Amino acid sequence: MRKSDILSIAKKHPTTREIASPDFFEGALLGNGGLGVNVCTRPDAIVLYFGHNNIWDIRIEEGHKDKIGTFREIWDKICAAPGDVHDEAWYQKYVEEVTASYHDYLYPRPYPASCLYLFFDRKEYEVLGHSLDISNGLLTVLLRSALGEEYRAEIFVTQDADRVYCRTVDAYGQETPLFYRIRLIPHEPDAGLPAYEVRDNGFFQLLPYNGFAGEPRPRVDKGFSVLYRMDGTAANGGLDTRVSGMTQIAVEIAEGFCEEAAAAAEPGGGSFGEELDKASRSWAEYWEHSGVSLADEFLEQIWYHNTYFIRCILAKDTRCPGLFANWMYRDIGTAWHGDYHLNYNTQQVFWGLMGANRLEQHLPYLRLTEELLPVSRAWARDFYGLDGACFPHSAYPVPMTVMPYPSPDWGWEIFETPWTVQSLWWHYTYTGDKTLLRERIYPVLREAARFLVGYMTREGAGPKDGKYHLFPTIVPELYGLSKGFDKNLDGIADLTLTKFLFRAVLQAAADLGLEEEEAELTGSIRKILGSFPDYPTAQSRWGEVFLSVASEDPDNTVYNVPTNLMAIFPGEDIDPQSSSAHELEVARRSWRHHYNEGGNDLVFYNFIGARLGMLDLEKFKRHIRYCLLPNGTATDNATLSGGRYADTTDLKFMARMGIWIENFSLYAVIDECLLKGHTDTIELFPNWDMQREASFCSLRTKGSFLVDAGCAGGRVNRARIISEQGGTMQLKNPWRRAVDQNGRCYEDAVICVSMQPGEELLLREDC
């Protein structure tokens, strides 16, 4: 396929409904990375729900701060407990006190911006459904008049401003008024927030920070305005008015510090047509980054839908989205504070961006790690008495002075520190951008590594057996602190992610020429890696398997996330290309016999299967369908009782909490089936039945190579590699004999070519 094909393929996969869709999870999802709009249709109205990644109730409760103490104080008391510490009254009280600020207060949390109702006369018009063209973000709502004539409401979000346009036209594209009333409904302010201020064309809502005394404080308090501009005439303006002759309405959200948001007067921008053209060009540029063409229409659709959704929630200059990003209404989209969960949820959103060549969408995450660095340094220093930075379990995009959730259970998950910073290293290895590495990436990696070195070398860090340990720590959402701490030593998540980070820091220091300057840190890392614990394994009824932690039941453990498989991914320490036959067989056996309760496995578990070359794509498709919602997104549906869930648990209990953006990385699983690019040797179609036609263009690999390839009839039919940075390109030879555009032949199992920056290599089978 060619880049010029991508837009037309995307256009083939609209999200559609052929009926009125009033439920929030039936609506069409629009966005520009900051602003999110969910458009639902009722039999009597079109409803637009507005949310924004930057609009939060920024109040924060940190009353637990003075109750936390230090790690040494709490750990000594835990160790002195005669039995199970969870039975100790002091411990129960301590956990309750240090988590009260998180559990007892709604804020901080995303704040729904409002919703706009556009009413039409139901006797005159009937909603037939809607169709969202993901190639340019244009939503079309179809209506039919009582006389059988068809009309359209066309809606889109501009990509360079937080503005939404809607116009109504007849079957010939002539603007025609359909709505007789509009109503803008602000979210009812939560307790303690001031009332919204009504304007002639919308409203302003103040969202103050702590210590608000009634008067807005410039550069401290925040807020937002939702304002509209329309043609035709309005009876009285304000939030609820009858209209006549209205064919266009534009709504703009202005957010930021209170003085700026309050000063907004009316929506800017040009005409509907002009702004749609600009938005379409922006979408076309986005789609050019990469594309796939698959004979499997369902997987092709999943790839394009989720790649579209990713753009709606992420843009180069926007804030990193929380659990449910920028689509919300009332309590939908605000569960668990809608915050950053850094033990999997937040990271997963960004897994596929490097391979999909959408690097700009990763920058919000890089900024998040930089923003969290001060409080993470303070936590390492004040709680642990160590250097570096210990990253949090949960975090908010508001000023924090202490960890929001420092419980000795989930709040002591040490693996979250290396996991939080991991994708920064991917950004460098997939781009080769040394300037970014030096100025922004390495400083964050370094601080995380300094903390882990200190944690593993401090007095009391595990048994004295000649190895360096990670102790105590917590297996991801499974055991907490166990009796005798038999499940708190050297969890596989801690081991593999720490090893990943240490190796990254060693390579970064070498690439930046900092070996002498960083000799103390790199020397400590090498010493630790030289005496590093092995990954825990045990004999199960199927044979040897990996465990999440030693002493775990290898036969009956039900996992929340595929923890025991994390050395494969995200640890990237076990791989079919480099691991021993024995280690690889243990990994494959562990994946095959892994029990997972679902909800957190749709991307994670299947991604690991693709990485191992074991993923059954038909089973994967059924899993996706089990989780799909009418809006085209995949929710977190559970699949198994016996772990955290009872036999009577509603396995879809998470479906209505919000739009689970972590599952937008489904496209990354498909990319992993088409191209293996995370190692030094590129592999084409490692988990794909090549009898089924498939092709892709501009997928990115480690070493900053862009790859195009196609297969059909059981064979790879071509490959094209462009080197951005130059260097040695290694490709697992898909043929017995390959030839390039210059007639050079390659017969080795691995094709090795030294390439210059910008050089292109075309390969095909030489018959």
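This is a predicted model: local features need pLDDT of at least 70, side-chain atom pairs count only at pLDDT 80 or more; totals for chains, interfaces and linings use all residues.

User: How are α5 and α6 oriented relative to each other?

Analyst: Helix α5 covers residues 272–287 and helix α6 covers residues 297–313; helices (H or I, at least four residues) and strands (E, at least two) are DSSP runs, numbered from the N terminus. The two pack at an angle of about 120°, with axes 12 Å apart, where axes are lines fitted to C-alpha atoms, for helices over the stretch in contact, and angles run from 0 to 180 degrees between N-to-C directions. Angles under 35 degrees count as roughly parallel, over 145 as roughly antiparallel, 65 to 115 as roughly perpendicular and the rest as oblique. The angle therefore makes α5, relative to α6, oblique.

User: Which residues of α6 meet α5, and how do the residues of this contact divide by class?

Analyst: Contact means heavy atoms within 4.5 Å. Ser282, Trp283, Tyr286 and Trp287 of α5 meet Trp303, Tyr304, Thr307, Tyr308, Ile310, Arg311 and Cys312 of α6. Ala, Val, Leu, Ile, Met, Phe, Trp, Tyr, Cys and Pro count as nonpolar, Asp, Glu, Lys and Arg as charged, and the others, Gly among them, as polar. On this scheme, the contact of α5 with α6 has 8 nonpolar, 2 polar and 1 charged.

User: What is the handedness of the crossing of α10 and α11?

Analyst: Helix α10 (residues 434–457) and helix α11 (residues 492–511) pack at about 135°, with axes 9 Å apart, and they are therefore oblique to each other. A crossing is left-handed if the near helix is turned anticlockwise from the far one by less than a right angle, and right-handed if clockwise. The crossing of α10 and α11 is left-handed.

User: How many residues of each class form the contact of α10 with α11?

Analyst: On the α10 side, the contact includes Leu437, Leu445, Leu452 and Met456. On the α11 side, it includes Leu501, Phe502, Val505 and Asp511. By class, the residues divide into 13 nonpolar, 1 polar and 2 charged.

User: Which residues of α3 meet α2?

Analyst: Helix α2 (residues 71–80) packs on helix α3 (residues 89–103) at about 145°, with axes 11 Å apart, and their crossing is left-handed. From α2, the residues in contact are Ile74, Lys77 and Ile78. Their partners in α3 are Trp90, Tyr91 and Tyr94.

User: Why does Gln348 count as buried?

Analyst: Gln348 belongs to helix α7, residues 345–348. Leaving aside residues up to four places away in sequence, Gln348 touches Val603, Phe604, Glu662, Asn663 and Ser665. Buried means under 20% relative accessible area, exposed over 50%, and partly exposed in between (1.4 Å probe, protein chains only). Gln348 counts as buried because its relative accessibility is 0%.

User: With which side chain does the side chain of Asn606 make a polar contact?

Analyst: Asn606 lies in helix α14, residues 604–612, and is buried at 5% relative accessibility. A polar contact is a pair of N or O atoms within 3.5 Å; within protein, one must be able to donate a hydrogen and the other to accept it, and residues adjacent in sequence count only if both atoms are side-chain atoms. At 3.4 Å, the partner of the Asn606 side chain is that of His623.

User: Which residue is joined to Pro472 by a cis peptide bond?

Analyst: Pro472 is in the loop between α10 and α11. Omega of the bond is about -10°. The residue joined to Pro472 by this cis bond is Phe471.

User: Is Arg219 buried or exposed?

Analyst: Arg219 is in the loop between β14 (202–207) and β15 (222–230). Its phi is near 65°, a positive value in a residue other than glycine. With a relative accessible area of 52%, Arg219 is exposed.

Terms used. Residues are numbered from 1 along each chain as its sequence is written. Side-chain values use heavy atoms; hydrogens and water are left out.
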